[in-house]
Amino acid sequence: MSAFSDLINSNKPVLVDFSAEWCGPCKMMKPILEELKADLGDKATIVKVDVDKNPSAAKAYKIQGVPTLIVFKHGKVMWRQSGVVQANQLQSVISKYL
């Protein structure tokens, strides 16, 4: 958890995708996040957290369903949404915090 804490305390926005292997909508997020990463480059960090392998992180952020996407900056939750979110919407959310 300490590495995760260091990561989300970054100066640049960090998009965390809380997901699970068995989740169909989570699989739909993979190409969307890859497109977003290609567009943003190193302006933002994108991380995937498997809720089954990291239950403490899921519990800490009260993840009820997957996928849940959270944008952190300086350790604070800036934006949060559950479900599949398109790349252009994610990009506009993240650009607010660049």
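Contact here means heavy atoms within 4.5 Å. Axes are lines fitted to C-alpha atoms, for helices over the stretch in contact, and angles run from 0 to 180 degrees between N-to-C directions. Helices (H or I, at least four residues) and strands (E, at least two) are DSSP runs, numbered from the N terminus.

The model is predicted: local features need pLDDT of at least 70, side-chain atom pairs count only at pLDDT 80 or more, and totals for chains, interfaces and linings use all residues. Residues are numbered from 1 along each chain as its sequence is written, and side-chain values use heavy atoms, without hydrogens and water.

Next, show the strands. An open, mixed sheet is formed by 4 strands in the order β2-β1-β3-β4. On average, neighbouring strands are turned by 20° against each other, direction ignored.

Select β1 (residues 14–19): this strand pairs with β2 in the parallel sense over 6 bridges (pairing requires at least two DSSP bridges). Pick V14 to find its bridge partner in β2, T45.

Move to residues 87–95, helix α4, lying across β1, β3 and β4 at about 165° to β4.

Finish at C23 and C26, whose sulfur atoms are 2.3 Å apart in a disulfide (cysteine sulfur atoms within 2.5 Å). The S-S torsion is about 80°, so this disulfide is right-handed.
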